[in-house]
Amino acid sequence: DTVRELAKEAGIGMPEVGIFPSQSANAFATGWNRNAALVAVSAGMLQRFKPEEIRAVMAHEIGHVANGDMVTLTLIQGVVNTFVIFFARIIGHTVDRVVFRNERGFGIGYFVVTMVAQLVLSLLASMIVMWFSRYREYRADHAGATLASRGGMIAALQRLQLEQGQPSDLPGEMTAFGISEQLKQGISGLFRSHPPLEDRIRALQAA
């Protein structure tokens with residue numbers, strides 16, 4: 001009933017609703033368009049979070065669906081991967097011709113340089129994709145505050161803070177679609193799919 005109400009307010013079709021058997025506090029949304037989606041919440045979150053916090057979490061996930069975040073993130077990943085392969089081959093071809101002065105076909109320089117360039121460009125591409133993933137979390141938090149309540153959304157994020165460090169049962173491919181992820185420090189933070197919870201809380205408090 002809560003999801004149906006939030007979906008109607010967001011102007012999207014009623015998503016399927018799931019509860020997955022995990023004691024970690026998490027939720028996610030997935031689906032190929034606004035009117036054919038799934039939102040799911042863990043059993044542990046339902047047990048430990050207050051009703052207004054659960055409502056805010058569901059509003060956050062509905063925000064992802066309404067914004068088309070799942071499809072957009074997948075498309076961005078596909079586009080940047082295409083550019084990585086394209087530019088890696090250009091770099092390999094250029095080095096093969098200019099540095100190794102290979103005039104016929106593709107020499108060993110082309111294949112080695114292409115592989116190295118693809119590795120480096122893939123890291124840069126991942127930073128771009130993860131930057132967008134973090135940006136969409138702020139948008140979904142704003143949607144949660146708008147569709148439910150700002151106080152409820154802040155309270156839910158604060159409760160997630162208290163549970164940081166607990167193991168997540170979400171598989172790796174679903175981490176970007178969860179409401180939070182395990183904390184990463186230093187340069188590895190550039191590869192985070194979610195902003196730090198304290199930054200998300202501050203953004204809502206300042207709104």
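Ile108 counts as exposed, since its relative accessibility is 65%, where exposed means over 50% relative accessible area, buried under 20% and partly exposed in between, computed with a 1.4 Å probe and protein chains only. Ile108 is found in helix H5, helices (H or I, at least four residues) and strands (E, at least two) being DSSP runs numbered from the N terminus. Together with Phe106, Phe111, Val112, Val116, Val120 and Leu124, Ile108 forms a nonpolar patch on the surface, with about 680 Å² of accessible area in total. Such patches consist of residues with over 30% relative accessible area and no salt bridge, nonpolar side chains (Val, Leu, Ile, Met, Phe, Trp, Tyr) being joined within 5 Å and like charges within 9 Å; a salt bridge is a side-chain nitrogen of Lys or Arg within 4 Å of a carboxyl oxygen of Asp or Glu. Accessible areas come from the Shrake-Rupley method with a 1.4 Å probe, and for residues only the protein chains shown count as cover.

The model is predicted, so that local features need pLDDT of at least 70 and side-chain atom pairs count only at pLDDT 80 or more, whereas totals for chains, interfaces and linings use all residues. Residues are numbered from 1 along each chain as its sequence is written, and side-chain values use heavy atoms, with hydrogens and water left out.

The protein has seven helices and three strands, which run α-β-β-β-α-α-α-α-α-α from the N terminus on. Of its 207 residues, 44% count as buried, and the protein exposes about 11000 Å², of which carbon and sulfur atoms supply 63%. Among contacts (heavy atoms within 4.5 Å) between residues at least 6 apart in sequence, 63% join residues at least 24 apart.

Beyond its neighbours within four places in sequence, Met153 is in contact with Ala56, His60, Asp141, Gly144, Ala145, Ile179 and Leu204.

In helix H1 (residues 2-10), the buried residues are Val3, Leu6 and Ala7; they lie on the same side of H1 because they cover an arc of only 100° around the axis, the arc being that of the directions from the helix axis to the C-beta atoms. These residues pack against strand S1 (16-20), strand S3 (36-42), helix H3 (51-67) and helix H5 (108-147). After H1 comes Gly11, with a positive phi near 80°. The buried residues of H7 are Leu197, Arg200, Ile201 and Leu204, whose arc of only 100° around the axis likewise puts them on the same side of H7, and they pack against H3, H5 and H6.

Within strand S3 lies Ala40, which counts as buried at 3% relative accessibility. Leaving aside neighbours within four places in sequence, Ala40 is in contact with Gly18, Phe20, Ala27, Phe28 and Met58. Arg101, placed in the loop between helix H4 (69-98) and H5, counts as exposed at 65% relative accessibility and has a positive phi of about 50° although it is not a glycine.
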